[in-house]
Amino acid sequence: AVRGQLATDDSAKRLGEVALVDGESRVGRTGITFFDTLFDENATCHIAYGTAYAEAVDGGVIDGVNVSTVHTDFMIGGPEVDVDALTRDGRTVPLLRNDVWQLA
């Protein structure tokens, strides 16, 4: 199924979304897996391949905003997942540890 989606168009296999969600998510705190992406993606960090949400970008569909007929989310977060940022000058900055934001 995934290979079929990735073959849909030239941009389907490109990154479309990255969402960082901490442990304070109301959906995540329920402890329920809804088996419905629209709910479950709000429970933890997730990524998607395919189209990006152009309405979230100033200027809409501009260079660098992926456009595809596909958008599929995968949940990848949880307390065991550490998330870091890499700054332009090469420093590593912790963002999430044990489902808690590290930025003050």
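Residues are numbered from 1 along each chain as its sequence is written, and side-chain values use heavy atoms, with hydrogens and water left out. Because the model is predicted, local features need pLDDT of at least 70 and side-chain atom pairs count only at pLDDT 80 or more, while totals for chains, interfaces and linings use all residues.

A salt bridge here is a side-chain nitrogen of Lys or Arg within 4 Å of a carboxyl oxygen of Asp or Glu. The count by this rule is four.

Start by selecting Arg97 and Asp82. They form a salt bridge, with 3.8 Å between the closest N and O atoms. Arg97 belongs to strand β5 (residues 92–97) and Asp82 to the loop between β3 (71–75) and β4 (83–86), so the pair ties together parts 15 residues apart in sequence. Strands (E, at least two residues) are DSSP runs, numbered from the N terminus.

Asp84 is in strand β4 and Arg97 in strand β5, 13 residues apart, so the pair links distant parts of the chain.

Now show the surface of these residues. Buried means under 20% relative accessible area, exposed over 50%, and partly exposed in between (1.4 Å probe, protein chains only). Arg97 is partly exposed at 25%, and Asp84 is partly exposed at 41%. Through shared partners, salt bridges join Asp82, Asp84 and Arg97 into one network.

Finally, select Arg91 and Asp89. Their salt bridge has the closest N and O atoms 3.3 Å apart. Asp89 is exposed, at 56% relative accessibility.

Terms used
Helices (H or I, at least four residues) and strands (E, at least two) are DSSP runs, numbered from the N terminus.
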